[in-house]
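I opened the notebook to record what I looked up in this structure. The entries follow the order in which I checked things.

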Amino acid sequence: MSTETTASVSTHILDTSIGKPAEGVAISLSARTGLDGEWAALGGSATDVDGRCKDLPALPEGTTHVRLDFETETYFFNKHSSKKQAEAQQDAPRVRDSGAFFPEVTITFAVTPGEHYHVPLLLNPFGYSVYRGS
């Protein structure tokens with residue numbers, strides 16, 4: 001939760017290749033103060049069944065920039081492994097895409113104290129987009 005002296009961050013991920021939330025994606029959060037400040041790892045979490053990450057660490061006072069690192073390769077590997085097992089059982093054709101073109105997605109953005117920043121990630125195996133949500 002943001003205060004007058006801190007900002008807050010939340011995120012969620014939608015897998016647009018299947019039109020469903022992306023569950024189990026590991027996310028790490030880092031912050032820095034100023035353009036030349038050192039990045040400080042604050043911790044992380046993973047998305048729940050709704051693709052939401054509700055327990056990211058609080059930002060320290062004075063944070064000006066935030067970095068979210070999404071570990072997408074493991075998510076796509078697990079998703080496609082289960083799909084390949086199902087296809088093998090049904091003697092179906094192989095899936096063309098076997099993983100993620102982007103093994104990780106890093107989003108860096110500026111923050112202002114007192115503001116909340118919801119940063120959704122729209123993800124598929126060959127692309128992604130991100131925006132400031134509400």
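The model is predicted.

**Entry 1: overall layout**

I looked up the secondary structure and found one helix and ten strands. Along the sequence I read the pattern β-β-β-β-β-β-α-β-β-β-β. The protein has 134 residues, and 37% of them are buried. I noted an accessible surface of about 7,700 Å², with 51% of that area on carbon and sulfur atoms. I also checked the contacts between residues at least 6 apart in sequence: 66% of these join residues at least 24 apart.

**Entry 2: partners of β1**

Which strands pair with β1, and in which sense? I went through the partners one by one. Strand β5, residues 52–53, runs antiparallel to β1 and is joined to it by two bridges. There I found His12 with Arg52 of β5 as its bridge partner. Strand β2, residues 20–21, is also antiparallel to β1, again with two bridges. In that pairing Leu14 has Pro21 of β2 as its bridge partner. β1 and β2 make a hairpin with four residues between them. In the turn I noted Gly19, with a positive phi of about 70°.

The parallel partners came next. β8, residues 116–118, pairs with β1 over three bridges in the parallel sense. Strand β9, residues 121–124, runs parallel to β1 and is joined to it by three bridges. Ile13 has Leu121 of β9 as its bridge partner.

I then checked burial in β1. Seven of its eight residues are buried, so β1 is largely enclosed by the rest of the structure.

**Entry 3: Ser10**

I picked Ser10, which lies in β1, residues 8–15. Is Ser10 buried or exposed? Its relative accessible area is 17%, and the cut-off for buried is under 20%, so Ser10 counts as buried.

Ser10 stands opposite His118 in β8. The side chains of Ser10 and His118 also make a polar contact of 2.7 Å. A second polar contact, of 2.9 Å, joins the side chain of Ser10 to that of His116. Leaving out residues up to four places away in sequence, I listed Leu56, His116, Tyr117, His118 and Val119 as touching Ser10.

**Entry 4: the open sheet**

I traced an open sheet of four strands in the order β4-β3-β6-β7, with antiparallel pairing. β4 (40–46) and β7 (105–110) are at the edges with a single partner strand each, so one side of each has no neighbour in the sheet. From one strand to the next the twist averages 20°.

Inside this sheet I looked up β3, residues 26–32, and β6, residues 65–71, which pair antiparallel over seven bridges. Arg32 stands opposite His65 in β6.

**Entry 5: Ala31**

I ended on Ala31, in strand β3. At 4% relative accessibility, Ala31 is buried. What does Ala31 contact, apart from its neighbours within four places in sequence? I wrote down Glu38, Trp39, Ala40, Leu42, Leu59, Pro60, Thr63 and His65. I also checked Ala31 against Ala41: they are ten residues apart in sequence, with their C-alpha atoms 6.7 Å apart.

Key
Residues numbered from 1 in each chain as written. Predicted model: local features only at pLDDT ≥ 70, side-chain atom pairs only at ≥ 80, totals over all residues. Heavy atoms only, no water. Buried < 20%, exposed > 50% of the residue type's maximum accessible area, 1.4 Å probe, protein only. Contact = heavy atoms within 4.5 Å. Areas by Shrake-Rupley, 256 points an atom, 1.4 Å probe, with all protein chains shown as cover. Pairing = 2+ DSSP bridges. Axes fitted to C-alpha atoms, helices over the stretch in contact; angles between N-to-C directions. Polar contact = N/O pair within 3.5 Å; in protein donor to acceptor, adjacent residues only side chain to side chain.
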